[in-house]
Amino acid sequence: MKKTNTYRYNDEDDRLLIEDILDFIKTFLICSLFVIFINTFLFSPKQVSGRSMHPTLQNHQKGVTNVLNANINGIQRYDIVVAKIIENNETSEVIKRVIGMPNDTISCKDEVIYINGEPLDEPYLNTSYKDDWVSKNYYFTKNFSEVKLGEDEYFLMGDNRPLSQDSRDFGPVKREQILAKDFLVLWPLSEISYLS
C-alpha cells in the first residue's frame, strides 16, 4: 500500500522527501562526530606557517600530527609538538621543538643551550644552515638568561632560532597547551616524511 503524502517524489515512489532529509541529517551528524573524534583523540591536520622550523619543516607543508601518541607516550625532550599559545587575548597554534622539560633550568650562552648547567646536544639542527647563517649574521641563537621551569612547564624553541618566536618570547607552556606531537608531512608529495 502506497503512502498518501504530498511530499512523495512521484506516485510510483514510496519514499518521502522528509525521510531522505532525516537520513541526510543523521549521516551528516555521524560523520561529523567521527571527524571530531579523530581530530581530538587520534590525528589532527596541520599546515606549517612560517619559517621557524626551517629547514626541518618548510613553510606551507601540510600533514597530520599525532594526538594519540602525545597522550599515551607523553612529551619528551626534542619532540616536535603543536602547542596552543594565548597572547594578547588571541589564541594561536605553533609548531616547535621541546627543549626544556619540567623542573629544568635552561639558558643560552655563546650559541650553546644549557640544561641544568650542562650543554645540550642538538643533532636535529642543520649544521650547514646554521653555519651559513652565523657567517652572514654573526649569531644563530642569541644569549638568554636562566629560566627555571615549573613542575608542569615546557620550553619550546624553533629549529630556525633567528626567525622563531617561541618560549623565549611567549614563555614556557604547560602540558595542557601541548595538543599533539610528531608531524607526518603529506604535501607536497615529494616531501613525504615522518618527523618526531
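User: What should I know before reading the numbers?

Analyst: This is a predicted model, where local features need pLDDT of at least 70 and side-chain atom pairs count only at pLDDT 80 or more, while totals for chains, interfaces and linings use all residues. Residues are numbered from 1 along each chain as its sequence is written, and side-chain values use heavy atoms, leaving out hydrogens and water.

User: What makes E5 and E6 a pair?

Analyst: Two strands pair if DSSP finds at least two bridges between them. Strands are DSSP runs of E, at least two residues long, numbered from the N terminus. E5 (residues 105-109) and E6 (residues 112-115) share four bridges, antiparallel, so they pass the cut-off.

User: Why are E7 and E8 called edge strands?

Analyst: The open sheet runs E7-E6-E5-E8, with antiparallel pairing. E7 (118-119) and E8 (144-148) each have a single partner strand, so one side of each has no neighbour in the sheet.

User: What makes a group of residues a nonpolar core?

Analyst: The members are buried Ala, Val, Leu, Ile, Met, Phe, Trp, Tyr and Cys residues joined through side-chain atoms within 4.5 Å. Buried means under 20% relative accessible area (exposed is over 50%, partly exposed in between; 1.4 Å probe, protein chains only). The largest core here has 15 residues, and Ile99, Ile106, Ile113 and Phe144 touch the most other members. A second, separate core of 13 residues includes Ile85 and Leu156.

User: How many of the chain's residues count as buried?

Analyst: Buried residues make up 36% of the 196 in the protein chain.
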